[in-house]
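The following paragraphs lead through a complex of several chains, taking its interfaces in turn and then turning to the confidence of the prediction. Please keep the sequence and the model in view while reading.

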Amino acid sequence: MTPSGQNYWRSLDELAGSPGFRNWVEREFPRLASELQSKSTRRKLLQLMAASFGLAGLTACRRPEEKILPASRTAEYRIPGKPVHYATSMNLGGCATGLIVETHEGRPTKIEGNPLHPGSLGACSALAQASVLGLYDPDRSRFPRKRGKRSSWADYAAFAEELFTPARQGRGEKLWFLSEPLSSPSLEALRADVLRRFPAARWVEFESVPFAAVNRGAELAFGQPLEAVFDFARADIILSLDCDFLGHDWRDVIPIRQFSERRRVDSPASKMNRLYSVESLFTLTGAAADHRLALPSSQVLGFARELAEELGALPRKAETKAGGAGRQRWLSVVARDLREHTGACLVVAGPRQPAPVHALAHVLNARLGNVGRTVAYLRPSSRPALAGFDELCQAIQSNAVETLVMLGVNPVYAAPAEAGFGDLLAKVAHSIHLGAEFDETADASAWHVNEAHYLESWGDTRAYDGTAALQQPMIQPLFDGKTAAEVLSFAGGQSERRSYDILRKHWLAQWPQTEGESRWRKALHDGVVEGTRYPLAAPGVPDVKRVDATARVAGTQGVEVTFFADSSSFDGRFANNGWLQETPDPMTKLTWDNAALVSPAKAQSLGVRDGDIIALTRGGNSLEIPVLIVPGQADESIAIALGYGRRQCGRVGRGVGQNANLIRSLVTPGFVSGVTISKTVRKRPLATTQEHHSMEGRPLIREATLEEYRRDPKFAHKADHYKDLFSLHKEHSYEEGPQWGMAIDLSACVGCNACVVACQAENNVPIVGREQVRRGREMHWIRVDRYYSGDPEAPRAVMQPVACQHCENAPCETVCPVAATTHSPEGLNDMAYNRCVGTRYCANNCPYKVRRFNFFDLNKGVDEIGKMVFNPDVTVRMRGVMEKCTYCVQRIQEKKIQARAEGGRPLKDGEILTACQQTCPASAIVFGDLKDPNSKVAQLKQKDRNYVMLGEINIRPRTSYLARLRNPHPELG
Amino acid sequence: MADLAMKNPLPPDVPLVLGKPSYGEVTDAVSRIVEKKPPRVWYIALAVTGTFTLILGAMLAYLVATGIGVWGNNNPVGWAWDITNFVFWIGIGHAGTLISAILFLFRQRWRTSINRFAEAMTLFAVACAGIFPLFHVGRPWRAYWLFPIPNADLGMWPNFRSPLLWDVFAVSTYATVSALFWYVGLLPDLATMRDRATTPWRQRIYGLLSLGWRGSARHWNNYEKAYLLLAGLSTPLVLSVHTIVSFDFAVSVIPGWHTTIFPPYFVAGAIYSGFAMVVTLMVLARKIYGLEQLVTMKHLENMCKVMLATGCIVGYAYAVEFFTAFFSGNQYERFVFVNRAIGPYSWAVWIMFTCNVFAPQLFWFKRFRTNLAVMFVISIIVNVGMWFERFVIIVTSLHRDYLPSSWGYFRPTAVDILTFAGSIGLFLTLFLIFVRFLPMISISEVKGIIDAPAGKKEAA
Amino acid sequence: MPQIFGKSSDKILKSVIAGITLLVAAAVLALAYYTHPDVADTGYAPIQPVAYSHKLHAGDLAMDCYYCHFAAEQSAHAAIPSTAVCMNCHASVKADSPRLALVRQSYDAGQSIPWVRVHRLPDYVYFNHQAHVASGVSCVSCHGRVDQMEVVKQVEPLSMAWCLDCHRNPDARLRPPEFVTRLSWRPDEDAAALGRQLREAAGINPPVHCSGCHR
C-alpha cells in the first residue's frame, strides 16, 4: 500500500472508535452493524475496507493485470457459466418442502419448489427462498466448542465414543434427548436404534411453535394416532377456527395452492369457494376470508362448541350462548352454510388452539361427512413413547439427567421463560448441543457442535403426508458442520459415522437389492422417494363423549396474549437472515422488529399510540414491547410474533425485537390469559414499509362480490373514464420478436411474500437495515401493497403485488437525461445501471413508485462468503444508481440464447418464468408473450376481470391485474 | 452608453441622482469604496460567510464520499432540498438580467445605478444554483454524460427528450451570457480603476482586466454595439431559463407537477425573488457605503413596485392552480391540492402564502414602499417565501402521488440544512469580494444620466 | 501613476489569448486521441506464465479452438481449459520439456496456472459466447487471427460502439456455424450476401437495446 494508504488506515482506525463512525457503518452496511463491538473484528472490517481501497487504486491505472485461474482438474458435468440444478428438501418444524436448487460453479444461489414433491408442487415459501442466504451467513458457528472454548470434531468424537457406551450409560436411565419433531425416516430409524440400545433413555420432541395439537386432537377424537391431511381445493365452504392456513400456521405452501385454485374464477359461470375465518389477530387467512369474525383465541373453543351443538354434533346445552346477537347470527349462517355443503366443506383449527378444539373440528368434519373427501386420515410411522418438555425440566430439577443431547433446538431461548431452562441446563453434567449458530443454548451447554446447513448435508425429510425426500449437499460444508444423524450415530452404536453412509444404508435396506442403486439415483434425481406416503387410515366414528368432556369452556380473565410464528424469523431460527428481517410482515408491513399488535379500540382505552412501549407482565416475567395498532385485531386480545429478542445471535438478528417467550406458558403455548399491561414512558419508532393504509377511493385494486361480477362481468372497467388517448412522443412499434407482459390475479394472490424474497434472491437485491427502512429506502423490486377497506369495526384487507409495470409509454424513459432507461423492442423497460448517473428523475416520474435508488453502497459490507450467494447473471449495483424489476431479463436472455443454440427454435409458452411467478404458491403471477394468442398471459388479458392501474395517463403498462372477487354469504352481505 | 440614455424622450420626473454631483464626484463616490480599506463590518461579514462556504465544501465532500443517503431524500421523495435550492437560486438570478437587459431596452434610466449590482448578484446566484444539479446526482463523477460530448467508446448521446438536458443548456447559456454582459459592462469602469490605481499591482490587474480600454470613440462605439447586442441576447433568456426549469416539473406525469401554467408562474416568481434579493442587499450596501446619493429612494421604490406586481402574479398563479385542480375533476390532481392545504406539509404551504402573497400587499402604500426598514424585512420574508414555494411544489407533490401504499414523508438531515446554509455563505462571500474589488455601481452609466456642467467631462 | 499598458500591449494581449485557445484545443485533441478505444484498448499482449503458442497449436497443428475452449459452444464463457486438458497430450508429448514444468507442477499439485487475462469486458457486460458461435460469428471477429499469434494480443477495441457496429449490420461477419473456428475461412461468394441469407434463414436479429448485454 502507498503511504496515503497508510494514512487511510490510521485515520480509519481512529474513526472506527467514534460513535459517529459506528452508526455510519450501521447505516451503510447493516450486515456489518455491531461488527465494531470487539477490537479484533474491527481490525477485520478495516482490512476489508482497505482491500477495497487497494482495488480502487488498481483500477486507476490503465489496465489492471487480471488473473484467470482454471481448475487443475475439471469436475464432471461442470461447464463454466452453466448453472446445475439439484433436488433436495427443506424441513421446517417437522414438515418438508421439496426444492430444486440452482448452483453456479458449485455455489447454491437460488431455490425453487420441486413440482414432483407433494409438499411443494413447484412452489415454495419466503422462508425456503431465503434459506440459501443462511448457508452463507458468516455468523454461523464454525467449530465445535467445549465450555465455550474452541475445540474440534475429533475431540468431540473421542468424547462421544466414550460417553455413549452402555458401560457408561447403563440402560440410559440418565440419558435424555431433545430434538425437533422428527420427520426424517433415517433419523427415526436411528432413534429407534438408540432407544433399543438404551431402553431407559428418554426422548423429548420440543417445538417452540406448536404444530402437534392437530394430531393430538385427532387422537382425542378417534383414540388412535392419526395424521390429518386436508384438501382445501375440494372444499366449497371452509371454516377456519383461529387457523392461518395461508400464513404462519402452516409449514408448507400447499394450502395456498389448493385454496387459490378455487378463487381463480374464469367466467361468470364458474364456481368459487367461500371462507369463514374466526381469529383473534388479522392474518392472511382473515384477509382472504369472505367473512371474518374477530374473536379472542381463548373464546374459539366456546365458538367451536356452540357450532358443534348447532350442528348437532354435540348434545345441545341451553346456557352456552355467548357473545352478542351479531355473533349468534354469524354462527347460525355458518352452520347452515356448512350443513348445506355436507361432504364438500371443511373445518380446520389452528395449531394455536388446544387439542379439544381440534378434536371438535374432527368431530364436526365427521358430522359433516367430510372425512374421505376434504379430510383424510393417514397412519404415521410408529413413534416411540415420547416424554414432554416439562418432564425433562422436572427430571433435571431432581438431578435425574446426566447426559442431554439437543439436536438443532434452542430451548434456552425458545422455551417459555417460566421453565427457566437456561439455569436448569447448568445442572446437566454432559449437555451436548448441535446447532447452526452459537446460540443461547450453545452458550449454556457443555458441548456445542456446529451443525451443517441442509444445503451442505445428506439427509431425508417427510412431507405433510409422510412422503419422504432425500437431501443432498450442493457444496462441501463451509465450516465443516455435522448433521443430526452424525451426532446421533455415536449413541446408536452402529459403525457408520458419515451421514452419507447412514442415509444410504437406511434406504438401501428399504429396497430390494437388485434395484437399490437405481432407486437411490431416482430418489436423488426426483427429490422424492416413491411409495413412502403414509397409508390411508379408517378413523372410525369419533368418541363424542370424550370430546364433549374435554372441551370444557373456561371463563377467561382479562386480556389474553396470543403468540404466532413470525413470517420472517419463524421461531427465531431465521433471526440472522437479513432478507427475512427486511421482508415486511404480510399484514402489518413491519420490518426488523416485532410488536404488540393491539386493536384501535384497545389502544384508545390503553391510551397508547404506535411505537409506545408497554410492559406485559405474567408470573414475575415482564416483557417490554412497542405497540402497533392493527385494525381487525380482536379487542381483548394482544398478538406478539415469536422469534425476536435473540440475545446470542449473529450480527443481523442480535437484539432485534423483543422475546415473547418471556411471558409464554408451558401449558398453553398458543396464548396466555391474565396478563397485566402497564404503560411506560419510552417509545420505539417502528420501521414499516407502508404508512398509509387506505386506498383513498382510487381504483387501484378493483374488487367485487361474485354476485356483482355475475351481474356485471365488466365491473372492473367501470372506473376507466377514458378512451383513445394519444402520446406526444413517437410511440414504439412492437412488431419485432415476442412481446413480454404479465398478468396478476388478485383473486388468487393471498399476499404471502414468497415473490418478494424470490425476487431478492434472483436479482441480488440488497438489504438496507432498519434505519433506512424507516427513512423509506427499502430496495425490494416487488412489494405487496396491503390496503384496509370496509367498516373499521370489521375491516377487510386486500393485497396487490406491485413491481415495475413495464409501461409501453414509460414516463421514466422520457425524463432520463442520459438514456440509462430505455425501451426494448420486446416491450421491456430496460435499466442500464452502468449508464445511470442517478438523477432520480425517473423514480419521481414513476406513477407506481417501483424504482429503487442506491442511496449508499449497500453491498460494501458483504464479505467473501456473503458474496457467494450473488446470482452471477445479474449485476450487483453500485452506489448512486437506480434499479428496478426487469421482468427477470436474465432469464429471458438465457432461454432465448438456449433456443438460438437449438437451431433458433421458437420459445415455448411457460418456458421463461420470472422468479416471482415461479415461486408463487397461488400461481397468481403469469408472465409470457402477449403476441402469442395462445399464451397463458395473453388469454388472461382477454378475461373481463383484466384491468390496468392508472390507464388514464396513457402509460400502457404491460402488467395488468385481474380484479379481485369475494364470495360473501347473501345473508351476511 | 451615455447617449443612449440621453435619447430618452421623457425628462426625468424625480432626479435619479441627488445633489447634482460632477462626473468626478460620481467617479469618486464609487471608486473610493474599492480603493480605501473596507469597513470593519466587511471583515466580520466575510469571516462568517467564508466559514459557511467552507462548510458547503465539507458537506459536498461528505456527500460524494458517502452517497445521497446523507440527505433526507427517499422513495417517493427523490428530489427535495437539492432541487428546491437549485430552483431557488436560479430564480434569484433573474432580477439581474431583467434589470440590465430588459429595463435597458425599455430605456428605464433608473436602472443605471443598480444594474451592475443586480448582475453581479445574478452571476453569484447562478454559481450557487449550478452546484445542486451537479451534486444531486448519485454519481457526480459521471455527470459529464449530461453533456453531448462525442465519445468513441460508447457512441452514445444524452437523451434530448429529457427536460434535465434542456436545463443543462438553458442554465449554461444563461450563465455564459450574463457573465459576458456583466463583464462588458464593467470594461470602462475597470479602466477607470486602472487609471486611478495607486499601487502597481492594482494597476496591473485592473489593466489586464480592462483589456486595454482607453475610452476612444471606437472603443465606445464597439462597446455600445456589444452591450446592445448582449442586452438583446439576454432578454429572451430571462424568460427562457425559468420556463425550461419549470419544464422539469410540467413535463412529468406527477399530479401537482403536470401543469401548463408553470412557465409564466415560474418566471414571475423568479423575478419576484430576484428583486427581493436585490432590495435586501442594496439596502445594506447603500447604508454601509453611503450611496444614498446614487441609489435614491426612487430606485428602491421602483423595485418595491416590481415586487408588488410580481407578487400579485404569483398569488394569482397559486389561486389558478387550486381552481384548475378543482375544475379538472381529476381525483389525483384534486387530492394533491387538498393535501397541500391540509396535509402533512400544510405548514409549509401556509408559510408560502403568507410570505409571498400577503406580505408584499403592504407595498400598495407609499409609506411602506419608501421605508427602508419595512422593505428590508419584507424582501427577506419574500425570499423565505419563495424558497418555500419551490419546496412545496417539489416535495408535497412527490410525497403523496398515485399509490397511497408508497406515500412517505421527507425530513431534512443536518447535511441538507448545512449544505443550503453553505450555499448562502458562498453567495454572500462572492458578493463581499465583488463589492471589495469592483465598482458596485456602473460609473460610466450613471454619468450618462446626470447633466453635469460642461467642461468637467474629461474627469472621466 | 504613469500608464504601463500602451497601445502595443493590445497585440500582446490578443496573441496571449490566441495562444491559450490553441493550447486548450491541442490538449483536447491529444486527450481524444489517446483515450480513443482503438488506441487505448488494442495491442495488449501480456507475458503469460507458460509460453503457450496459439500459433503452434491452433495454427501449425491446426487444433480446433473448441478442443480447449469447449465451453464456448455451450456456455457464456469460452473458459480457459483446465491443466488436465493440456496433459491429455503433454503426458506423452514433450512430457519432460522444461517449458512445461509449470504445467506439470500445476497438474501434480492440483493448483491453477495463473494465466493473465487478455480480453476483458466490464462486469456489467454479459457477453455470451454460445449465442455468438451458434449464430455463426467466428472467433476471429473479436479475437483476430489467434492462430497466427505467438503471444495472444488484443486486436479489437471491444468497446460498446464497436460491438454495436456489428450488431447493427451483422451480415458481413456471419458464416455457417460449422466454420466458426476456422479462422482462415473465406466465403467463395460475397460475404455480405451469404451473411444476409444466413441471417434471414436462421432469423438472426442481434439486440441493440440495453438489456441485450446489460442485466
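Between chain B and chain A there are two salt bridges, a salt bridge being a side-chain nitrogen of Lys or Arg within 4 Å of a carboxyl oxygen of Asp or Glu. The side chains of A:Lys849 and B:Asp401 form a salt bridge, with an N to O distance of 2.9 Å. The interface of chain B and chain A also holds 34 residue pairs in polar contact, both residues being at pLDDT 80 or more; a polar contact is a pair of N or O atoms within 3.5 Å, where within protein one must be able to donate a hydrogen and the other to accept it, and residues adjacent in sequence count only if both atoms are side-chain atoms.

On the side of chain B that touches chain A, the elements giving two or more residues are helix H3 (40–66), helix H6 (163–196), helix H8 (217–250) and helix H11 (331–342) of chain B, where helices (H or I, at least four residues) and strands (E, at least two) are DSSP runs numbered from the N terminus. The most is given by H3(B), with five residues. By class, this side of chain B has 34 nonpolar, 18 polar and eight charged residues, with Ala, Val, Leu, Ile, Met, Phe, Trp, Tyr, Cys and Pro counted as nonpolar, Asp, Glu, Lys and Arg as charged, and the others, Gly among them, as polar.

The contact (heavy atoms within 4.5 Å) takes 60 residues from chain B and 58 residues from chain A. About 4,600 Å² is buried between these two chains, 53% of it given by carbon and sulfur atoms; buried area is the accessible area (1.4 Å probe) that two parts lose on being put together, summed over both. Of the area that chain B buries against chain A, B:Asn75, B:Arg139 and B:Leu403 supply 14%, more than any other three residues.

Chain A also meets chain C, in a contact that takes 36 residues from chain A and 45 residues from chain C and buries about 3,600 Å² between them, with 55% of it on carbon and sulfur atoms. Two salt bridges are found across this interface, and the side chains of A:Glu66 and C:Arg117 meet in a salt bridge at 3.0 Å, N to O. There are also 20 residue pairs in polar contact across the interface of chain A and chain C, both residues at pLDDT 80 or more. Strand E1 (67–68), strand E33 (821–823) and helix H30 (889–901) of chain A each supply at least two residues of the side that touches chain C, and H30(A) gives the most, with six residues. That side of chain A divides into 15 nonpolar, ten polar and eleven charged residues.

E1(A) is joined by two bridges to strand E1 (residues 115–116) of chain C, and the two strands run antiparallel; strands pair if DSSP finds at least two bridges between them. In E1(C), C:Trp115 is the bridge partner of A:Ile68.

This is a predicted model, in which local features need pLDDT of at least 70 and side-chain atom pairs count only at pLDDT 80 or more, while totals for chains, interfaces and linings use all residues. Residues are numbered from 1 along each chain as its sequence is written, chains are lettered from A and ligands numbered from 1 in the order in which they are written, and side-chain values use heavy atoms, with hydrogens and water left out. The predictor gives the complex an ipTM of 0.92 and a pTM of 0.90. Chain B has a mean pLDDT (the predictor's confidence in each residue, from 0 to 100) of 89, with 94% of its residues at 70 or more. Over residues 1–11 of chain B, pLDDT stays under 50, as it does over residues 454–460 of chain B. Where pLDDT is low, the predicted coordinates should not be read in detail.
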